[in-house]
Amino acid sequence: MKKYYKFSFLLVFSLLVSCKDLTELNVNPNGIQADVANPNLVLSTVLTEGPKLYLNLGFGDISGVMQHTQGDAWFSSRNDYDWSGSQSWTAYYDVLRNNQMVYNRAVDLKYEFHQGVTLTMRAFLFGLITDLWGDAPYANALKGDLGGNEYTMPKYDSQESIYAGVLADLEKANTLLSKSSAEYQGIDASADVIYGGNPAKWRKLANSLALRYYLRISGKLPEKAKAGIEKIVANPTQYPIITEATDDATLAYVGNNDGDSWPSNTVYDASGSNYRRIKMCATLVNAMQAINDPRLAIWAKKVEVPLVVDATLPAKTDVIKDGKRYLSPDKVGTAQINTNADYVGLPPSVSSLPSSYNLNPTPGQLSYNPHVSYLNEIYKAAKGSLLKARLISAAEVHFILAEASQKGWAAGNAQTHYESAIKASLTTWGVSSFAATYLANEGVKYKGTLEQLMQQKWIASWTAATESWFDFRRTGLPALTPGPAANRRVLPIRFYYMSDEIRINQANAASAIEQLEESAYSQADGKNSAWSKSWLIKGTSKPW
């Protein structure tokens, strides 16, 4: 993977240099011009940087919102939603600019494979931007080189129109990617770090993303969503989709070097400090323990020293014996603790010092806590066959179709899709041998409720919690409750527009903010709040 970063850096640097306003020379002899560049060199950048951004959301702050993880130090953003205008879409538009350059070159060269891939990535990234913020620059975005305020200060398109554009791009990509590999020009399998230059798999990805976005708009445009999903399901030859975990759209992480480790500069460091700062949330741990979920042992380690409170012990007892810490009730007092459990997560937004939870004898920034589960050692290694950024999975596709079927749409059998989704997720995490036993568990057996379906989809979205957040926004499920130190009594539902954008692109940003609907939880933020509603749920009672 490293070679792709080097090539892309040289290319992007060259492109930046070549765009300078030189009066005596308009071509940089040492650089690569956008109109003659090899699109494969930049494609690899798009296909690494895009998934990395997505993973950093789903394993970062959003995993805190959805109570998959909690931070044990430096935690306010992950645990408490202390965001303000801290999230920026700049990195997303940077990837989109590179993606647009590849698309333009692909059109010039008549490289239909590259056109299909870049349209799919364009849909993925613009869909993610509007999912996160709401209205956003779209039609006039990526055109700053044309000059003029309409492109350097682009207007914001409505969320509805962006979703329409996303679905149109995916439809076009499905057509472009419908040929056999031998019929395409210019494919470099080494540049395609997702599917190795396989157009059939990219076509499945495009149509699977279309299912995601049809379901996304189903509460607002139910007839369009129903027709779109039924069209795809009814025509599997014309609209193939991802149904097996082997076809998941993934980016592997291959090492501990800068840019190659899981996720980049977030978990790995020589001392293990960053690794210790991210722990599983008690909400997820407790839910998984209740149904003997085999994935828990893959994602987390057992507690190093379980707590045992014994009323028969003499007062002031606090001793470690046989690997357990025994305490008399007076040593516990009113402290909130979790005793004698194999796995213990941090409660959501538990306090101003999460590392003190469960009577940690050494609370503080080092985040050592022998009484709370650390993540599995694979996350400390920051590489391995299981550590991948997943753009979309067979598990998600089956959950989408199960929900569509529960709505009464012609999407197949809901129970079959529900069980296939769980099997796909277990396969992804290397525990497929537990499938029959797990599906026979009373807490897992299909009951036909949306609550159960969304609970299992929430569990399966580990490291991709962003999708679970978007599901929560439209359904209110799973019914999560923020912790005591959180900024509000309900979960946030969008990102704030950032202060730089409001200051620089003032009129257009102000117009977009005006389209948001304040809620009772917007409070002093006004309309530009993480608790204000964009078009997707505006005028509804969702999610709270």
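**Note on the fold and its local details**

1. Start with the contacts in the chain (heavy atoms within 4.5 Å). Take those between residues at least 6 apart in sequence: 70% of them join residues at least 24 apart.

2. This is a predicted model, in which local features need pLDDT of at least 70 and side-chain atom pairs count only at pLDDT 80 or more, while totals for chains, interfaces and linings use all residues. Residues are numbered from 1 along each chain as its sequence is written, and side-chain values use heavy atoms, leaving out hydrogens and water.

3. Next, the overall build. The chain has 22 helices and nine strands (DSSP runs numbered from the N terminus: H or I of at least four residues, E of at least two). Its C-alpha trace spans about 85 × 55 × 45 Å along the principal axes. The radius of gyration is 24 Å, which agrees with the value near 24 Å for a compact globule of 544 residues (taken over C-alpha atoms; the rule is 2.2 Å times the number of residues to the power 0.38).

4. How many of the 544 residues count as buried, in percent? The figure is 57% (buried is under 20% relative accessible area, exposed over 50%, partly exposed in between, with a 1.4 Å probe and protein chains only). The accessible surface comes to about 21800 Å², and 52% of that belongs to carbon and sulfur atoms.

5. Helix α16 covers residues 394-406. Its 13 residues reach 18 Å from first C-alpha to last, close to the 18 Å expected (1.5 Å times one less than the number of residues). Twelve of the 13 are buried. Among them are Glu 396, His 398 and Glu 403, as well as Val 397, Phe 399 and Leu 401. The cover includes α9, α10, β9, α17, α19 and α20. Just after α16, Gly 408 takes a positive phi of about 95°.

6. Helix α12 (residues 282-290) also has buried residues: Ala 282, Leu 284, Val 285, Ala 287 and Met 288. An α-helix has 3.6 residues a turn, so residues three or four places apart point the same way. Cover for the buried residues of α12 includes β5, α13 and α19. Just after α12, Asn 292 has a positive phi of about 50°.

7. Two residues other than glycine have positive phi. Lys 110 is near 60° and sits in the loop between α5 and α6. Ala 382 is near 65° and sits in the loop between α15 and β9. Which is buried and which is exposed? Lys 110 counts as exposed because its relative accessibility is 64%. Ala 382 is buried, with a relative accessible area of 0%.

8. Look at the cis peptide bonds too. The bond from Leu 477 to Pro 478 is cis, with omega near -10°. Pro 478 lies in the loop between α20 and α21. The bond from Lys 542 to Pro 543 is also cis, with omega near -5°. Pro 543 is in the segment after α22.

9. Leu 536 lies in the segment after α22 as well. Why does Leu 536 count as buried? Because its relative accessibility is 5%. Leaving aside neighbours within four places in sequence, Leu 536 is in contact with Gln 159, Tyr 163, Arg 216, Ile 217, Lys 220 and Arg 473. Lys 52 is 484 residues away along the chain, and its C-alpha is separated from that of Leu 536 by 26 Å.

Conventions. Accessible areas come from the Shrake-Rupley method with a 1.4 Å probe; for residues, only the protein chains shown count as cover.
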